[in-house]
Amino acid sequence: MADSFMKLYPDTVPPERNRAARWGYEHGLMLKALERTWQRTGERKYLDYVVKTMDYSIGPDASIRYFKMEDYNLDNINAGRVLLTLYQQPQLPRRALYRKAAETLRLQLENQPHTSEGGYWHKKRYQNQMWLDGLYMAEPFSAEYAKLFNQPKDFDHVALQFALVEKHLVDPKTGLLYHGWDEAKTEKWANKETGLSPNFWSRGIGWYGMALVDVLDYFPKDHPQRKNLISYLQRLAPVLARYQDPKTGGWWQVTDQAGRAGNYIETSGTCMFVYALQKGVRMGYLDKQYAAVAQKGYQGVLQQFVAPQPDGTVALNGTVSVGGLGGNPYRDGSYEYYLSEPIKQNDFKGVGPFIMASIEMEMAGKK
């Protein structure tokens, strides 16, 4: 899948015509997946691709093309994780620029607008709103930055973001997490009593699960909040197992509405859950029983959504292109809204997690 992606988006294509090179969370997600492929295989071509693609964005003064600090958009932080990896490669001539660019992203987080309790707004224009997506966009970067550059207070802030999600976005009945929460309770999509959006979206929950297992890679073993982060993952795992489709092994686009008219098994959320569960087992956070849940989900993706192509590459089908709240045209968070977004082939938000899940499954098979 990694080779197919690189063939689809060759690194010689200028960024104006190459979505893989445009700064944003999708490009960061894909480059992270290719970085993992390099680390797993040792093949230099994957690192070379990541470097060349990232270098489209980083100017000689470490400015980041297409990045606007003033948007205070958490989505723009995710690609910073790749900058931190590249900074740690002493053989790369531009590593000082990668660090400087990463410092720019951390500066955004220092000034990011936040709720009364300190939870990041998802974007400046989405006032008072925390979204599940934002945890993956900002927190693994923050945790790794804190570890690399010895910023211990940052770990407290990372832990706070997860604690606030657990406090405000978890549904006590199902254990699932709502996609968004508006502290002010003024958005049209927000419940007037709770401030919560109306539905559970599998990819939103997937971002959260992936954020948890990735943040823990960097969290100090003796940090008092580490056990809480692990407990959130342990709380989520049986919930995911409960909502897994027994027939296909996948998870539904609207997570708790199995079989309802229009609903469908969605690949990005499924791959994210497979990754989070399998990595959680490998790292010892989760009971080994969840490896079987991950395996069933992964086999379902392979059987139903991975499609060999005539040119010898493989494609991934079944990924919803986007899911949001508010904006223009207005997204009301209804069941009908989540089913209205187009389903795409080779969407980065499916391909990246598929590669990451594949690496986890391969590692599990080689113990």
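Ala102, Glu103, Leu105, Arg106 and Leu109 of helix 5 meet Ala138, Phe141, Ser142 and Tyr145 of helix 6, where contact means heavy atoms within 4.5 Å. By class, this contact has six nonpolar, one polar and two charged residues. Here Ala, Val, Leu, Ile, Met, Phe, Trp, Tyr, Cys and Pro count as nonpolar, Asp, Glu, Lys and Arg as charged, and the others, Gly among them, as polar.

A word on the model before going on. It is a predicted model, in which local features need pLDDT of at least 70 and side-chain atom pairs count only at pLDDT 80 or more, while totals for chains, interfaces and linings use all residues. Residues are numbered from 1 along each chain as its sequence is written, and side-chain values use heavy atoms, with hydrogens and water left out.

**Two helix pairs**

Helices (H or I, at least four residues) and strands (E, at least two) are DSSP runs, numbered from the N terminus. Their axes are lines fitted to C-alpha atoms, for helices over the stretch in contact, and angles run from 0 to 180 degrees between N-to-C directions.

| Helix pair | Axes come within | Crossing angle |
|---|---|---|
| helix 5 (residues 95-111) and helix 6 (residues 133-148) | 11 Å | roughly 115° |
| helix 10 and helix 13 (residues 348-365) | 8 Å | roughly 30° |

Helix 10 and helix 13 are therefore roughly parallel to each other, a label for angles under 35 degrees. On the helix 10 side, the residues in contact include Cys271, Met272, Tyr275 and Lys279, and they meet a set in helix 13 that includes Pro353, Phe354, Met361 and Ala364. The residues of this contact divide into eleven nonpolar, three polar and four charged.

Where does tryptophan 23 lie? Tryptophan 23 sits in the loop between helix 1 (2-8) and helix 2 (25-41). With 7% relative accessibility, tryptophan 23 counts as buried; buried means under 20% relative accessible area, exposed over 50%, and partly exposed in between (1.4 Å probe, protein chains only). Not counting residues up to four places away in sequence, tryptophan 23 touches, among others, Met54, Tyr66, Gly80, Leu83 and Leu105. A polar atom of the tryptophan 23 side chain lies 3.1 Å from the backbone oxygen of asparagine 76.

Gly80 and Leu83 are also among the buried residues of helix 4. Eight of the eight residues of helix 4 (residues 80-87) are buried, so this helix is largely enclosed by the rest of the structure. Its buried residues pack against helix 2, helix 3 (44-55), helix 5, helix 6 and helix 8 (202-215).

**Loops worth a look**

Alanine 62 is buried at 4% relative accessibility, whereas tyrosine 66 is partly exposed, with a relative accessible area of 31%.

Asparagine 263 belongs to the loop between helix 9 (226-243) and helix 10 (267-282). Asparagine 263 is buried, with a relative accessible area of 10%. A polar atom of its side chain lies 2.8 Å from the backbone oxygen of glutamine 257. Leaving aside neighbours within four places in sequence, the contacts of asparagine 263 include Trp252, Val254, Tyr335 and Leu339.

Finally, the peptide bond from asparagine 328 to proline 329 is cis, with omega near 0°. Proline 329 lies in the loop between strand 5 (319-320) and helix 12 (335-340).

Terms used. A polar contact is a pair of N or O atoms within 3.5 Å; within protein, one must be able to donate a hydrogen and the other to accept it, and residues adjacent in sequence count only if both atoms are side-chain atoms. Angles under 35 degrees count as roughly parallel, over 145 as roughly antiparallel, 65 to 115 as roughly perpendicular and the rest as oblique.
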